[in-house]
Amino acid sequence: MSSSSAASGISPIADAAPLSLCAREPFVPADRLVAEMVPPPRFDSVRFATYIPDPKQPSQTEAVGVLEAFAAGLGGAHAAGGAKRGFLGFGKGKAPKTPAGPRGVYLDGGYGVGKTHLLASLWHATPAEPALKAFGTFVELTNLVGALGFQQTVRTLSGHRLLCIDEFELDDPGDTVLVSTLLGKLVDAGVALAATSNTLPGKLGEGRFASVDFLREIQGLSARFRSLRIDGDDYRHRGLPEAPKPFTDEQVTKAAYATAGASLDDFPQLLAHLAKVHPSRYGALTDDLDAVCLTDVQPIPDQSTALRLVVLADRLYDREVPVLASGLPFDQLFSEEMLNGGYRKKYFRAISRLTALARDAKGLVETA
């Protein structure tokens, strides 16, 4: 019996106990990191046609048109004249330099305006086989460099037609310089680029704030990007009821035992376990999960722990795994100091996504 069920006095109502994230320590080989650089399951079926622009925000409709044209322009031969390379890029010499000019688009906007939907739609619409297109978050890209090494990453991606980078981070100077240098090499090899990042909370309405930051951080690449501003409200909560309040330990435990493929963990213990698993493995940590059940959700004690939880929240959201929890509501996870600090855009994104997943999990209690 799990510690959570024992503590609450609940007897198992199914023969098989729930899974536990704390019992998992996955190993992820480098080839899996490369193979998984595709839109995550949540965005596997999205297309430009399924994006529903807010009629009050004309910039959303405009962005669709620009991105459709950008995708169409990526047809034909590789921009540098290169052909498809084998796994990890072996077997080809250096490609010739590409002509100067825009080779990328940057989607600038706040939370929940559909930037990832549009980025994934661009990936799907680009006329090239999946092996010649890559899609990943900024964190996943830095993890790939860590696994393969810089030069090998360049060789692996330089034969691609398109690289999409979601959630470009503007708050880690070291990683930003690393990725900026990588993108420069890829652009020289003929790879088209597309990226998103979030406007910082409190800065919405100040024009192209995130765009200015992005173009400054990528330095010499700024002339290669066209910036698209996408205004609007967070679609995850637009017109929807408030997120459900946290349930009791007993309700969460009962639902975990009644739900096939659910995990059940004590929240503080899970936070401690995340410190032992590299963030590049958090996706594998959630393999084959249909629901995550957490008891005793408490405020995050420090920034390092908070950032690890942000990565886990992203992977759960990508995979559409509902999250059922007891304790504090998710909008009270992060302290005021964190929400006003340099990583605040990550924390607001995590709150938004965990709230959406909590809403998805409400039915687990009703059917338990």
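The exercises below work through one predicted protein model, each with a solution in steps.

Residues are numbered from 1 along each chain as its sequence is written.

**Exercise 1. State the mean pLDDT of the protein chain and name a stretch where pLDDT is below 50.**

Step 1. pLDDT is the predictor's confidence in each residue, from 0 to 100. Its mean over the protein chain is 82, and 78% of the residues reach 70 or more.

Step 2. Residues 81-100 have a pLDDT below 50. Beyond near neighbours in sequence, this stretch has 35 contacts in the model, a contact being heavy atoms within 4.5 Å.

Step 3. Residues 199-209 also stay under 50; the model gives them 24 contacts beyond four places in sequence.

**Exercise 2. Count the helices and strands, and give the share of buried residues.**

Step 1. Helices (H or I, at least four residues) and strands (E, at least two) are DSSP runs, numbered from the N terminus. The protein chain has 14 helices and 8 strands.

Step 2. Buried means under 20% relative accessible area, exposed over 50%, and partly exposed in between (1.4 Å probe, protein chains only). Of the 368 residues in the protein chain, 54% are buried.

**Exercise 3. Describe the sheet that contains S7.**

Step 1. Two strands pair if DSSP finds at least two bridges between them. Here 3 strands form an open sheet in the order S6-S7-S8, with parallel pairing.

Step 2. Strand S6 (262-266) and strand S8 (323-327) are the edge strands, each pairing on one side only. From one strand to the next, the twist averages 15°.

Step 3. Strand S7 (residues 291-297) is joined to S8 by 4 bridges. Val297 stands opposite Gly327 in S8.

Step 4. Asp296, also found in strand S7, has a phi near 60°, a positive value in a residue other than glycine. Asp296 counts as partly exposed, because its relative accessibility is 31%.

**Exercise 4. Find which helices lie across S6 and S7, and at what angle to S7.**

Step 1. Axes are lines fitted to C-alpha atoms, for helices over the stretch in contact, and angles run from 0 to 180 degrees between N-to-C directions. Helix H9 (residues 249-258) lies across S6, S7 and S8 at about 160° to S7.

Step 2. Helix H10 (residues 267-274) lies across S6 and S7 at about 110° to S7.

**Exercise 5. Explain why the buried residues of H10 line one face of the helix.**

Step 1. In H10, Phe267, Leu270, Leu271, His273 and Leu274 are buried.

Step 2. Seen down the axis of H10, these residues fall within an arc of 160°, so they line one face. The arc is that of the directions from the helix axis to the C-beta atoms.

Step 3. The cover over the buried residues of H10 includes S6, helix H11 (282-285), S7 and H12.

**Exercise 6. Decide whether Arg315 is buried or exposed, and list what it touches.**

Step 1. Arg315 lies in helix H12 (residues 303-318). Its relative accessible area is 4%, so Arg315 is buried.

Step 2. Not counting residues up to four places away in sequence, Arg315 touches Thr137, Glu140, Tyr282 and Gly283.

Terms used
This is a predicted model: local features need pLDDT of at least 70, side-chain atom pairs count only at pLDDT 80 or more; totals for chains, interfaces and linings use all residues. Side-chain values use heavy atoms; hydrogens and water are left out.
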